[in-house]
Amino acid sequence: MKDKVLSFFGLGYVGLTSAVCLASRGFKVIGFDADPQKIELINSGKAPFYEPQVEEMLREAIGSGLLSFTHNPSEAVGGSDITFITVGTPSNPDGSINLEQIKSASTQIGQALRGKSEYHLVVVRSTVIPGTTENIVKPTIEGYSGRKCGEGWGLCFNPEFLKEGSAVKDTFNPDRIVIGEFDRTSGEVLEELYRGFYGDEMPRTIRTTLVNAELVKYANNAFLAMKVSFINMIANLCQELPGADVEVIAEGIGLDKRIGPLFLRAGAGWGGSCFRKDLEAILDFASKKRVELPLIEATLEINNTQPYRMVDLAKGLIGDLIGKKVSVLGLAFKPDTDDMRDAVSIKVVEKLLEEGARVAVYDPKAMGNAKKIFGDSVEYAGSLDDCLRDSSCALIVTEWEVFKKLTPKDFIKLMKVPAVVDGRRIYKAEAFSPNLRFAAIGLGERGTAIQR
Ligand code: UGA
(Lines give C-alpha, C1' and ligand atoms only; values in the text may rest on other atoms or scores of the structure.)
Protein backbone atom coordinates (compact mmCIF):
# COMPACT_ATOMS: atom_id res chain seq x y z
CA MET A 1 0.00 0.00 0.00
CA LYS A 2 1.19 3.52 -0.83
CA ASP A 3 1.89 5.83 2.12
CA LYS A 4 -0.65 8.59 1.41
CA VAL A 5 -4.37 8.08 2.16
CA LEU A 6 -6.76 10.02 -0.06
CA SER A 7 -10.34 11.15 0.33
CA PHE A 8 -12.85 12.32 -2.25
CA PHE A 9 -15.70 14.75 -1.60
CA GLY A 10 -18.20 14.09 -4.40
CA LEU A 11 -18.64 10.70 -6.07
CA GLY A 12 -19.73 11.66 -9.59
CA TYR A 13 -17.85 10.77 -12.79
CA VAL A 14 -14.64 12.47 -11.81
CA GLY A 15 -14.59 11.55 -8.12
CA LEU A 16 -15.57 7.92 -8.44
CA THR A 17 -13.44 7.24 -11.51
CA SER A 18 -10.37 8.82 -9.88
CA ALA A 19 -11.04 6.97 -6.62
CA VAL A 20 -11.20 3.52 -8.26
CA CYS A 21 -8.15 4.23 -10.43
CA LEU A 22 -6.06 5.30 -7.42
CA ALA A 23 -7.21 2.29 -5.40
CA SER A 24 -6.30 0.00 -8.33
CA ARG A 25 -2.67 1.14 -7.92
CA GLY A 26 -2.49 0.51 -4.19
CA PHE A 27 -3.68 3.78 -2.67
CA LYS A 28 -6.09 3.70 0.25
CA VAL A 29 -9.09 5.87 -0.65
CA ILE A 30 -12.08 7.08 1.35
CA GLY A 31 -15.16 8.31 -0.50
CA PHE A 32 -17.71 10.79 0.82
CA ASP A 33 -20.79 12.24 -0.87
CA ALA A 34 -23.49 14.56 0.44
CA ASP A 35 -26.11 12.13 -0.94
CA PRO A 36 -26.33 9.17 1.48
CA GLN A 37 -28.29 7.03 -1.01
CA LYS A 38 -25.52 7.45 -3.56
CA ILE A 39 -22.98 6.25 -0.98
CA GLU A 40 -25.15 3.20 -0.22
CA LEU A 41 -25.45 2.34 -3.90
CA ILE A 42 -21.73 2.72 -4.57
CA ASN A 43 -20.84 0.84 -1.39
CA SER A 44 -22.87 -2.08 -2.70
CA GLY A 45 -20.59 -2.17 -5.78
CA LYS A 46 -22.86 -0.31 -8.22
CA ALA A 47 -21.79 2.81 -10.11
CA PRO A 48 -24.55 5.46 -10.35
CA PHE A 49 -23.70 5.97 -14.06
CA TYR A 50 -22.46 3.83 -16.93
CA GLU A 51 -18.77 4.22 -17.67
CA PRO A 52 -16.61 1.44 -19.14
CA GLN A 53 -14.55 -0.45 -16.51
CA VAL A 54 -15.65 1.66 -13.53
CA GLU A 55 -18.07 -0.83 -11.97
CA GLU A 56 -15.64 -3.78 -12.20
CA MET A 57 -12.85 -1.66 -10.75
CA LEU A 58 -15.18 -0.44 -8.00
CA ARG A 59 -15.98 -3.99 -6.91
CA GLU A 60 -12.31 -4.97 -6.95
CA ALA A 61 -11.35 -1.89 -4.94
CA ILE A 62 -14.03 -2.54 -2.31
CA GLY A 63 -13.03 -6.21 -2.20
CA SER A 64 -9.35 -5.41 -1.70
CA GLY A 65 -10.25 -3.17 1.25
CA LEU A 66 -8.48 -0.19 -0.33
CA LEU A 67 -11.68 1.73 -1.09
CA SER A 68 -14.19 2.51 1.62
CA PHE A 69 -16.98 5.01 2.07
CA THR A 70 -18.26 7.10 4.92
CA HIS A 71 -21.30 9.25 5.66
CA ASN A 72 -19.19 11.38 7.96
CA PRO A 73 -17.09 14.15 6.32
CA SER A 74 -14.84 14.52 9.39
CA GLU A 75 -13.99 10.85 9.22
CA ALA A 76 -13.02 11.24 5.54
CA VAL A 77 -10.70 14.19 6.27
CA GLY A 78 -9.42 12.84 9.58
CA GLY A 79 -8.56 9.49 8.06
CA SER A 80 -6.71 10.85 5.00
CA ASP A 81 -3.74 13.06 4.05
CA ILE A 82 -5.11 14.59 0.86
CA THR A 83 -8.74 15.53 0.13
CA PHE A 84 -9.94 16.02 -3.45
CA ILE A 85 -13.03 18.17 -3.97
CA THR A 86 -14.88 16.61 -6.90
CA VAL A 87 -18.40 17.96 -6.39
CA GLY A 88 -20.61 19.27 -9.19
CA THR A 89 -20.49 22.89 -10.34
CA PRO A 90 -23.75 23.13 -12.31
CA SER A 91 -25.16 26.20 -14.06
CA ASN A 92 -27.66 28.63 -12.58
CA PRO A 93 -30.60 29.41 -14.89
CA ASP A 94 -28.74 32.52 -16.18
CA GLY A 95 -25.69 30.43 -17.18
CA SER A 96 -23.53 31.58 -14.25
CA ILE A 97 -21.75 28.91 -12.22
CA ASN A 98 -23.42 27.53 -9.09
CA LEU A 99 -20.80 27.09 -6.36
CA GLU A 100 -23.08 25.87 -3.56
CA GLN A 101 -21.57 22.36 -3.46
CA ILE A 102 -18.04 23.81 -3.47
CA LYS A 103 -18.97 26.02 -0.52
CA SER A 104 -20.52 23.21 1.47
CA ALA A 105 -17.58 20.83 0.81
CA SER A 106 -15.16 23.60 1.88
CA THR A 107 -17.20 24.18 5.03
CA GLN A 108 -17.16 20.49 5.96
CA ILE A 109 -13.44 20.20 5.25
CA GLY A 110 -12.74 23.32 7.31
CA GLN A 111 -14.73 21.98 10.25
CA ALA A 112 -12.88 18.66 10.07
CA LEU A 113 -9.47 20.34 9.88
CA ARG A 114 -10.10 22.21 13.13
CA GLY A 115 -9.38 19.05 15.10
CA LYS A 116 -6.57 17.66 12.93
CA SER A 117 -2.92 18.21 13.79
CA GLU A 118 -1.14 16.46 10.86
CA TYR A 119 -0.52 18.29 7.55
CA HIS A 120 -3.45 18.04 5.13
CA LEU A 121 -3.66 18.99 1.46
CA VAL A 122 -6.95 20.08 -0.14
CA VAL A 123 -7.13 19.75 -3.92
CA VAL A 124 -9.97 21.34 -5.88
CA ARG A 125 -10.64 19.22 -8.96
CA SER A 126 -14.15 20.44 -9.82
CA THR A 127 -14.23 22.99 -12.64
CA VAL A 128 -14.51 26.43 -11.03
CA ILE A 129 -14.31 29.93 -12.46
CA PRO A 130 -10.95 31.71 -12.04
CA GLY A 131 -10.46 33.02 -8.52
CA THR A 132 -12.76 30.51 -6.79
CA THR A 133 -10.03 28.49 -5.08
CA GLU A 134 -8.33 31.62 -3.73
CA ASN A 135 -11.42 33.67 -2.92
CA ILE A 136 -14.01 31.08 -1.85
CA VAL A 137 -12.41 27.75 -0.96
CA LYS A 138 -9.42 29.17 0.94
CA PRO A 139 -11.31 31.68 3.16
CA THR A 140 -14.10 29.18 3.85
CA ILE A 141 -11.67 26.51 5.04
CA GLU A 142 -9.67 29.10 6.97
CA GLY A 143 -12.83 30.40 8.64
CA TYR A 144 -14.12 27.00 9.72
CA SER A 145 -10.75 25.50 10.67
CA GLY A 146 -9.44 28.59 12.40
CA ARG A 147 -6.12 27.98 10.60
CA LYS A 148 -4.46 30.05 7.86
CA CYS A 149 -3.69 28.31 4.58
CA GLY A 150 -0.05 27.23 4.56
CA GLU A 151 -0.07 26.63 8.32
CA GLY A 152 -0.62 22.91 8.62
CA TRP A 153 -2.72 22.64 5.49
CA GLY A 154 -2.16 23.36 1.82
CA LEU A 155 -4.29 24.03 -1.24
CA CYS A 156 -4.10 23.20 -4.95
CA PHE A 157 -6.34 23.48 -8.00
CA ASN A 158 -5.80 20.52 -10.29
CA PRO A 159 -8.08 20.41 -13.37
CA GLU A 160 -9.26 17.11 -14.81
CA PHE A 161 -9.44 16.42 -18.53
CA LEU A 162 -11.34 13.11 -18.51
CA LYS A 163 -13.75 12.33 -21.33
CA GLU A 164 -16.89 10.37 -20.55
CA GLY A 165 -16.75 6.97 -22.18
CA SER A 166 -12.96 6.80 -21.77
CA ALA A 167 -12.56 8.22 -18.27
CA VAL A 168 -10.49 5.29 -16.93
CA LYS A 169 -8.18 5.23 -19.94
CA ASP A 170 -7.77 9.00 -19.72
CA THR A 171 -6.92 8.79 -16.01
CA PHE A 172 -4.09 6.34 -16.70
CA ASN A 173 -2.81 8.23 -19.79
CA PRO A 174 -3.26 11.97 -19.39
CA ASP A 175 -1.57 14.32 -21.90
CA ARG A 176 -0.35 16.44 -18.96
CA ILE A 177 -0.95 17.33 -15.35
CA VAL A 178 -1.63 20.92 -14.38
CA ILE A 179 -1.08 21.87 -10.75
CA GLY A 180 -2.12 25.27 -9.48
CA GLU A 181 -0.58 25.72 -6.04
CA PHE A 182 -1.14 28.07 -3.13
CA ASP A 183 2.46 27.55 -2.03
CA ARG A 184 5.42 25.33 -2.97
CA THR A 185 4.71 22.71 -0.33
CA SER A 186 1.15 22.19 -1.59
CA GLY A 187 2.40 21.63 -5.16
CA GLU A 188 5.21 19.31 -3.98
CA VAL A 189 2.79 17.09 -2.05
CA LEU A 190 0.46 16.73 -5.03
CA GLU A 191 3.25 16.17 -7.57
CA GLU A 192 4.71 13.52 -5.25
CA LEU A 193 1.35 11.75 -5.14
CA TYR A 194 1.21 11.66 -8.94
CA ARG A 195 4.81 10.38 -9.09
CA GLY A 196 3.71 7.51 -6.88
CA PHE A 197 0.72 6.84 -9.12
CA TYR A 198 2.38 7.13 -12.55
CA GLY A 199 5.88 5.91 -11.66
CA ASP A 200 8.14 5.96 -14.74
CA GLU A 201 5.26 7.19 -16.88
CA MET A 202 4.83 10.50 -15.13
CA PRO A 203 3.16 12.87 -17.62
CA ARG A 204 4.52 16.37 -18.33
CA THR A 205 3.56 18.47 -15.35
CA ILE A 206 2.93 22.19 -15.23
CA ARG A 207 3.19 23.86 -11.82
CA THR A 208 1.62 27.29 -11.71
CA THR A 209 -0.68 29.66 -9.84
CA LEU A 210 -4.21 28.72 -8.78
CA VAL A 211 -5.80 31.16 -11.20
CA ASN A 212 -3.79 29.95 -14.20
CA ALA A 213 -4.75 26.34 -13.53
CA GLU A 214 -8.41 27.31 -13.21
CA LEU A 215 -8.30 29.18 -16.52
CA VAL A 216 -6.44 26.36 -18.33
CA LYS A 217 -9.51 24.17 -17.79
CA TYR A 218 -11.94 26.69 -19.34
CA ALA A 219 -9.61 27.55 -22.21
CA ASN A 220 -9.18 23.84 -22.90
CA ASN A 221 -12.89 23.05 -23.10
CA ALA A 222 -13.63 26.25 -25.01
CA PHE A 223 -10.96 25.42 -27.58
CA LEU A 224 -12.20 21.86 -28.06
CA ALA A 225 -15.82 23.00 -28.47
CA MET A 226 -14.65 25.73 -30.85
CA LYS A 227 -12.78 23.18 -32.96
CA VAL A 228 -15.96 21.10 -33.34
CA SER A 229 -18.12 24.15 -34.05
CA PHE A 230 -15.56 25.29 -36.61
CA ILE A 231 -15.69 22.05 -38.56
CA ASN A 232 -19.49 22.03 -38.28
CA MET A 233 -19.53 25.51 -39.80
CA ILE A 234 -17.41 24.23 -42.69
CA ALA A 235 -19.68 21.17 -42.95
CA ASN A 236 -22.67 23.44 -43.46
CA LEU A 237 -20.87 25.14 -46.34
CA CYS A 238 -19.87 21.77 -47.85
CA GLN A 239 -23.50 20.71 -47.91
CA GLU A 240 -24.26 23.49 -50.39
CA LEU A 241 -21.35 22.62 -52.69
CA PRO A 242 -21.84 19.74 -55.13
CA GLY A 243 -18.92 17.31 -54.79
CA ALA A 244 -17.73 18.69 -51.43
CA ASP A 245 -17.16 16.54 -48.35
CA VAL A 246 -16.21 17.88 -44.92
CA GLU A 247 -14.36 14.64 -44.11
CA VAL A 248 -11.84 15.44 -46.81
CA ILE A 249 -11.54 19.02 -45.59
CA ALA A 250 -10.99 17.77 -42.00
CA GLU A 251 -8.27 15.40 -43.17
CA GLY A 252 -6.72 18.10 -45.31
CA ILE A 253 -6.44 20.60 -42.49
CA GLY A 254 -5.87 18.02 -39.73
CA LEU A 255 -2.59 16.93 -41.29
CA ASP A 256 -1.25 20.41 -40.68
CA LYS A 257 0.60 19.88 -37.40
CA ARG A 258 -0.44 23.32 -36.24
CA ILE A 259 -4.09 22.23 -36.42
CA GLY A 260 -4.01 18.47 -35.66
CA PRO A 261 -6.60 15.84 -36.62
CA LEU A 262 -8.55 15.41 -33.37
CA PHE A 263 -11.90 17.02 -32.60
CA LEU A 264 -12.56 17.69 -36.26
CA ARG A 265 -15.42 15.20 -36.61
CA ALA A 266 -18.29 17.17 -38.08
CA GLY A 267 -21.76 16.15 -37.03
CA ALA A 268 -25.05 16.99 -35.40
CA GLY A 269 -23.29 19.10 -32.76
CA TRP A 270 -21.57 18.67 -29.43
CA GLY A 271 -23.34 17.96 -26.15
CA GLY A 272 -22.61 16.65 -22.68
CA SER A 273 -22.43 18.00 -19.18
CA CYS A 274 -19.33 20.14 -19.64
CA PHE A 275 -18.96 22.12 -22.83
CA ARG A 276 -22.12 24.27 -22.67
CA LYS A 277 -21.96 24.66 -18.90
CA ASP A 278 -18.32 25.76 -18.98
CA LEU A 279 -18.65 28.03 -22.01
CA GLU A 280 -21.67 29.80 -20.51
CA ALA A 281 -19.96 30.11 -17.12
CA ILE A 282 -16.80 31.70 -18.54
CA LEU A 283 -18.88 34.04 -20.73
CA ASP A 284 -20.85 35.15 -17.68
CA PHE A 285 -17.66 35.56 -15.65
CA ALA A 286 -15.93 37.56 -18.39
CA SER A 287 -18.94 39.82 -18.94
CA LYS A 288 -18.88 40.75 -15.25
CA LYS A 289 -15.28 41.83 -15.88
CA ARG A 290 -16.49 43.70 -19.00
CA VAL A 291 -14.52 41.43 -21.31
CA GLU A 292 -16.10 40.05 -24.50
CA LEU A 293 -15.34 36.51 -25.69
CA PRO A 294 -16.80 36.56 -29.23
CA LEU A 295 -15.27 33.25 -30.35
CA ILE A 296 -16.95 31.48 -27.43
CA GLU A 297 -20.27 33.15 -28.28
CA ALA A 298 -19.97 31.99 -31.90
CA THR A 299 -19.05 28.47 -30.76
CA LEU A 300 -22.30 28.27 -28.79
CA GLU A 301 -24.38 29.85 -31.55
CA ILE A 302 -23.20 27.40 -34.20
CA ASN A 303 -23.94 24.51 -31.88
CA ASN A 304 -27.42 25.75 -30.99
CA THR A 305 -28.70 25.31 -34.52
CA GLN A 306 -26.57 22.37 -35.68
CA PRO A 307 -29.01 19.64 -34.50
CA TYR A 308 -31.81 21.15 -36.63
CA ARG A 309 -29.75 20.45 -39.76
CA MET A 310 -30.56 16.78 -39.19
CA VAL A 311 -34.26 17.50 -39.48
CA ASP A 312 -33.74 19.66 -42.58
CA LEU A 313 -31.81 16.82 -44.21
CA ALA A 314 -34.61 14.37 -43.32
CA LYS A 315 -37.18 16.67 -44.93
CA GLY A 316 -34.94 16.97 -47.97
CA LEU A 317 -35.07 13.17 -48.33
CA ILE A 318 -38.73 12.38 -47.62
CA GLY A 319 -40.62 15.69 -47.75
CA ASP A 320 -42.82 16.76 -44.86
CA LEU A 321 -42.76 14.57 -41.76
CA ILE A 322 -46.40 14.75 -40.70
CA GLY A 323 -47.63 11.38 -39.44
CA LYS A 324 -44.48 9.59 -40.67
CA LYS A 325 -42.48 7.28 -38.43
CA VAL A 326 -38.96 8.66 -38.00
CA SER A 327 -36.29 6.61 -36.18
CA VAL A 328 -33.71 8.30 -34.00
CA LEU A 329 -30.68 6.05 -33.52
CA GLY A 330 -28.58 7.15 -30.58
CA LEU A 331 -29.68 9.35 -27.67
CA ALA A 332 -26.63 9.58 -25.39
CA PHE A 333 -24.48 12.69 -25.99
CA LYS A 334 -21.71 10.38 -27.20
CA PRO A 335 -21.17 6.60 -27.45
CA ASP A 336 -20.20 4.43 -24.45
CA THR A 337 -22.18 6.45 -21.95
CA ASP A 338 -25.82 6.61 -20.82
CA ASP A 339 -25.48 10.36 -20.21
CA MET A 340 -28.06 12.53 -21.95
CA ARG A 341 -27.14 15.86 -20.42
CA ASP A 342 -27.39 18.49 -23.17
CA ALA A 343 -27.49 15.67 -25.73
CA VAL A 344 -28.07 16.70 -29.33
CA SER A 345 -30.80 14.05 -29.53
CA ILE A 346 -33.07 16.15 -27.30
CA LYS A 347 -33.21 19.00 -29.81
CA VAL A 348 -33.53 16.59 -32.73
CA VAL A 349 -36.47 14.74 -31.15
CA GLU A 350 -38.23 17.96 -30.11
CA LYS A 351 -37.93 19.36 -33.63
CA LEU A 352 -39.15 16.13 -35.22
CA LEU A 353 -42.21 16.17 -32.93
CA GLU A 354 -42.84 19.81 -33.78
CA GLU A 355 -42.79 18.83 -37.47
CA GLY A 356 -45.51 16.24 -36.78
CA ALA A 357 -43.38 13.07 -37.04
CA ARG A 358 -44.07 9.91 -35.02
CA VAL A 359 -40.72 9.46 -33.35
CA ALA A 360 -39.23 6.09 -32.40
CA VAL A 361 -35.98 6.12 -30.43
CA TYR A 362 -33.29 3.58 -29.64
CA ASP A 363 -30.04 3.74 -27.70
CA PRO A 364 -28.00 0.81 -26.34
CA LYS A 365 -27.57 2.45 -22.90
CA ALA A 366 -29.56 5.65 -22.52
CA MET A 367 -33.20 4.45 -22.75
CA GLY A 368 -33.76 4.87 -18.99
CA ASN A 369 -32.52 8.46 -19.01
CA ALA A 370 -34.45 9.16 -22.23
CA LYS A 371 -37.75 8.18 -20.59
CA LYS A 372 -37.20 10.86 -17.94
CA ILE A 373 -36.80 13.47 -20.69
CA PHE A 374 -39.28 12.50 -23.41
CA GLY A 375 -42.04 10.97 -21.24
CA ASP A 376 -44.70 9.44 -23.47
CA SER A 377 -44.08 11.72 -26.46
CA VAL A 378 -42.00 9.10 -28.32
CA GLU A 379 -42.00 5.35 -28.91
CA TYR A 380 -39.20 3.54 -27.05
CA ALA A 381 -38.06 0.72 -29.32
CA GLY A 382 -37.08 -2.52 -27.60
CA SER A 383 -34.39 -3.17 -30.21
CA LEU A 384 -32.61 -1.54 -33.10
CA ASP A 385 -34.71 -3.55 -35.56
CA ASP A 386 -37.94 -2.46 -33.89
CA CYS A 387 -36.85 1.14 -34.10
CA LEU A 388 -36.28 0.85 -37.86
CA ARG A 389 -39.28 -1.33 -38.70
CA ASP A 390 -41.76 0.46 -41.04
CA SER A 391 -39.96 3.74 -40.57
CA SER A 392 -39.76 6.41 -43.25
CA CYS A 393 -36.42 7.89 -42.21
CA ALA A 394 -33.56 6.97 -39.85
CA LEU A 395 -31.38 9.61 -38.21
CA ILE A 396 -27.98 8.63 -36.83
CA VAL A 397 -27.51 10.95 -33.86
CA THR A 398 -24.89 9.06 -31.79
CA GLU A 399 -22.17 6.91 -33.38
CA TRP A 400 -22.56 3.68 -31.37
CA GLU A 401 -20.54 0.72 -32.77
CA VAL A 402 -23.71 -1.31 -33.32
CA PHE A 403 -25.05 1.31 -35.76
CA LYS A 404 -21.79 1.31 -37.71
CA LYS A 405 -22.37 -2.35 -38.58
CA LEU A 406 -25.68 -1.66 -40.37
CA THR A 407 -25.57 -2.04 -44.14
CA PRO A 408 -27.88 -0.55 -46.79
CA LYS A 409 -29.56 -3.97 -46.95
CA ASP A 410 -30.56 -3.79 -43.27
CA PHE A 411 -32.28 -0.46 -43.76
CA ILE A 412 -33.97 -1.60 -46.98
CA LYS A 413 -35.23 -4.81 -45.36
CA LEU A 414 -36.75 -3.13 -42.30
CA MET A 415 -37.89 0.32 -43.32
CA LYS A 416 -40.98 1.44 -45.17
CA VAL A 417 -38.97 4.10 -47.01
CA PRO A 418 -35.22 3.42 -46.75
CA ALA A 419 -33.91 6.91 -46.07
CA VAL A 420 -30.92 7.58 -43.84
CA VAL A 421 -29.50 10.82 -42.45
CA ASP A 422 -25.98 10.20 -41.20
CA GLY A 423 -25.39 12.81 -38.51
CA ARG A 424 -22.06 11.32 -37.40
CA ARG A 425 -20.51 10.33 -40.70
CA ILE A 426 -20.35 6.62 -39.94
CA TYR A 427 -21.35 5.33 -43.39
CA LYS A 428 -19.59 5.40 -46.73
CA ALA A 429 -21.66 7.48 -49.11
CA GLU A 430 -20.56 5.32 -52.10
CA ALA A 431 -22.21 2.28 -50.51
CA PHE A 432 -25.36 4.02 -49.34
CA SER A 433 -26.21 6.67 -51.95
CA PRO A 434 -26.84 4.31 -54.88
CA ASN A 435 -29.06 1.99 -52.83
CA LEU A 436 -31.23 4.22 -50.69
CA ARG A 437 -32.07 7.85 -50.01
CA PHE A 438 -29.02 9.10 -48.16
CA ALA A 439 -27.85 12.42 -46.76
CA ALA A 440 -25.02 13.21 -44.37
CA ILE A 441 -23.83 16.25 -42.46
CA GLY A 442 -21.15 18.00 -44.48
CA LEU A 443 -21.65 16.00 -47.66
CA GLY A 444 -22.56 18.04 -50.74
CA GLU A 445 -24.66 16.49 -53.45
CA ARG A 446 -22.79 13.61 -55.12
CA GLY A 447 -19.94 14.19 -52.67
CA THR A 448 -17.45 11.38 -52.44
CA ALA A 449 -16.75 10.14 -48.96
CA ILE A 450 -13.09 9.82 -48.12
CA GLN A 451 -11.41 6.51 -49.06
CA ARG A 452 -9.88 4.73 -46.05
C1 UGA B 1 -15.02 17.07 -22.41
C2 UGA B 1 -13.51 17.23 -22.67
O3 UGA B 1 -13.15 16.54 -23.88
C4 UGA B 1 -12.69 16.65 -21.50
O5 UGA B 1 -11.31 16.91 -21.72
C6 UGA B 1 -13.14 17.35 -20.21
O7 UGA B 1 -12.46 16.85 -19.08
C8 UGA B 1 -14.63 17.16 -20.00
O9 UGA B 1 -15.35 17.69 -21.15
C10 UGA B 1 -15.02 17.89 -18.75
O11 UGA B 1 -14.91 19.12 -18.71
O12 UGA B 1 -15.31 17.23 -17.74
P13 UGA B 1 -16.75 15.03 -22.61
O14 UGA B 1 -17.79 16.11 -22.58
O15 UGA B 1 -16.88 13.88 -21.69
O16 UGA B 1 -15.29 15.67 -22.34
O17 UGA B 1 -16.70 14.40 -24.08
P18 UGA B 1 -16.01 14.78 -25.47
O19 UGA B 1 -15.35 13.59 -26.01
O20 UGA B 1 -15.19 16.01 -25.35
O21 UGA B 1 -17.26 15.08 -26.41
C22 UGA B 1 -18.09 16.23 -26.22
C23 UGA B 1 -19.06 16.34 -27.38
O24 UGA B 1 -18.38 16.74 -28.56
C25 UGA B 1 -19.79 15.03 -27.73
O26 UGA B 1 -21.14 15.32 -27.95
C27 UGA B 1 -19.11 14.58 -29.01
O28 UGA B 1 -19.97 13.83 -29.82
C29 UGA B 1 -18.77 15.91 -29.65
N30 UGA B 1 -17.65 15.83 -30.61
C31 UGA B 1 -16.38 15.55 -30.16
C32 UGA B 1 -17.88 16.06 -31.94
O33 UGA B 1 -19.03 16.33 -32.37
N34 UGA B 1 -16.82 16.01 -32.82
C35 UGA B 1 -15.56 15.73 -32.41
O36 UGA B 1 -14.63 15.71 -33.26
C37 UGA B 1 -15.34 15.49 -31.05
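A residue is called buried when its relative accessible area is under 20%, exposed when this value is over 50%, and partly exposed in between, as judged with a 1.4 Å probe and protein chains only. The structure is a predicted model, in which local features need pLDDT of at least 70 and side-chain atom pairs count only at pLDDT 80 or more, while totals for chains, interfaces and linings use all residues. Residues are numbered from 1 along each chain as its sequence is written, and side-chain values use heavy atoms, with hydrogens and water left out.

The chain contains 18 helices and 14 strands, these being DSSP runs numbered from the N terminus, with at least four residues (H or I) for a helix and at least two (E) for a strand. For 452 residues, a compact globule would have a radius of gyration near 22 Å, and the 24 Å of the chain agrees with this; the radius is taken over C-alpha atoms, and the globule rule is 2.2 Å times the number of residues to the power 0.38. Along the principal axes, the C-alpha atoms fill a box of roughly 75 × 45 × 45 Å. Of the 452 residues, 55% are buried. Where contacts (heavy atoms within 4.5 Å) join residues at least 6 apart in sequence, 74% of them link residues at least 24 apart.

The largest nonpolar core comprises 80 residues, among which Val-29, Leu-67, Phe-84, Ile-85 and Leu-190 touch the most other members; such a core is a set of buried Ala, Val, Leu, Ile, Met, Phe, Trp, Tyr and Cys residues joined through side-chain atoms within 4.5 Å. Helix H1, spanning residues 13-24, gives the most to this core, with seven residues. At least three residues of the core come from each of domain 1 (5-208) and domain 2 (241-440), the bounds being those of an automatic or database domain assignment. When residues up to four places away in sequence are not counted, Phe-84 touches residues including Leu-6, Phe-9, Val-123, Arg-125, Asn-158, Leu-190 and Tyr-194. A second, separate core of 67 residues includes Ala-357, Val-378, Leu-414 and Met-415.

Phe-263, in the loop between helix H10 (246-254) and helix H11 (275-288), has a phi near 60 degrees, a positive value in a residue other than glycine; with a relative accessible area of 28%, Phe-263 is partly exposed. Arg-290, found in the loop between H11 and helix H12 (294-318), likewise has a positive phi near 60 degrees, and at 78% relative accessibility Arg-290 counts as exposed.
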